[in-house]
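Hello,

Here is the structure you asked for, with the sequence. Please open it first and then read the notes under it.

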Amino acid sequence: MADHDPNCIFCKIISGQIPSRKVHEDDDLYAFHDINPWAPVHFLIVPKRHIASMAHITPADESVMGRIMTLAPRLALEQGCNPYPHGGFRIVCNTGAEGGQEVHHLHVHVMGGPRPWARG
Ligand code: 5GP
Ligand code: ZN
């Protein structure tokens with residue numbers, strides 16, 4: 001699989017072709033605020049390498065997936081989620097049409113902040 005898909009909106013966000021509000025960037029990962037937030041805090045963490053969905057990951061992706069899940073709680077607090085247990089956050093990874101996936105570049109939603117939320 002190519003590292004980047006020239007037709008992928010999130011590949012364009014990672015490369016800066018499409019602007020985004022950056023939350024975090026390192027060699028492997030990019031995180032940015034969702035354009036249509038469900039909650040007071042709502043950002044996406046994506047691998048920089050184009051992986052279409054969770055249905056496409058292989059054992060070679062263990063490290064990057066572990067890094068996403070390890071980064072999420074730290075960024076959630078930095079972005080204004082309240083601490084566990086009264087606060088917390090929701091991690092969602094929609095996969096495929098029936099899983100509600102609209103953008104086919106693997107992304108993890110991190111949502112949180114005081115209720116009520118716009119959705120969810
Ligand atoms: P999915 O339904 O694929 O899990 O979620 C895709 C998410 O990407 C949606 O929550 C949507 O608001 C967000 N999104 C789609 N296009 C853009 C964009 O151009 N910029 C940003 N920041 N978010 C986007
Ligand atoms: Zn992509």
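Pro-85 sits in the loop between α2 (62-78) and β4 (89-92). The peptide bond that leads from Tyr-84 into Pro-85 is cis, and its omega is near 10°. Please keep in mind that this is a predicted model, and that the values below were computed from it.

Another cis peptide bond joins Arg-115 and Pro-116, with omega about 5°. Pro-116 lies in the segment after β5 (108-112).

Now the chain as a whole. The protein chain has two helices and five strands. Read from the N terminus, the order of these elements is α-β-β-β-α-β-β. The radius of gyration is 14 Å, close to the 14 Å that the globule rule gives for 120 residues, so the chain is as compact as a globular protein of that length. The C-alpha trace spans about 40 × 30 × 30 Å along its principal axes.

How much of the chain counts as buried? Of its 120 residues, 40% do. The accessible surface of the chain is about 7,000 Å², and carbon and sulfur atoms account for 54% of that surface. If you take the contacts between residues at least 6 apart in sequence, 57% of them join residues at least 24 apart.

Next, the cysteines. How many disulfides are there? The count is zero. Cys-81 is in no disulfide, and the nearest cysteine sulfur, which belongs to Cys-93, is 17 Å away. A disulfide would need the two sulfur atoms to be within 2.5 Å. Is Cys-81 buried or exposed? Cys-81 counts as buried because its relative accessibility is 5%, and the cut-off for buried is under 20%. Cys-8 also counts as buried, with a relative accessibility of 6%.

Ile-9 belongs to helix α1 (residues 9-15). Its relative accessible area is 41%, so Ile-9 is partly exposed; that class covers values between the 20% limit for buried and the 50% limit for exposed. Which residues does Ile-9 touch, leaving aside residues up to four places away in sequence? They are Ile-18 and Val-103. Thr-70 is 61 residues from Ile-9 along the chain, and the C-alpha atoms of Ile-9 and Thr-70 are separated by 25 Å.

Asp-34 is in the loop between β2 (29-33) and β3 (41-47). Asp-34 has a relative accessibility of 15%, and therefore counts as buried. Again leaving aside residues up to four places away in sequence, Asp-34 touches His-42, Phe-43, Leu-44 and His-109. Of these, Phe-43 and Leu-44 lie within the range given for β3 (41-47). From Asp-34 to Ser-20 the C-alpha distance is 8.6 Å, and the two residues are 14 apart in sequence.

Regards

How values were computed
Residues are numbered from 1 along each chain as its sequence is written. Chains are lettered from A and ligands numbered from 1 in the order in which they are written. This is a predicted model: local features need pLDDT of at least 70, side-chain atom pairs count only at pLDDT 80 or more; totals for chains, interfaces and linings use all residues. Side-chain values use heavy atoms; hydrogens and water are left out. Buried means under 20% relative accessible area, exposed over 50%, partly exposed in between (1.4 Å probe, protein chains only). Helices (H or I, at least four residues) and strands (E, at least two) are DSSP runs, numbered from the N terminus. The radius of gyration is taken over C-alpha atoms; the globule rule is 2.2 Å times the number of residues to the power 0.38. Contact means heavy atoms within 4.5 Å. Accessible areas come from the Shrake-Rupley method with a 1.4 Å probe; for residues, only the protein chains shown count as cover.
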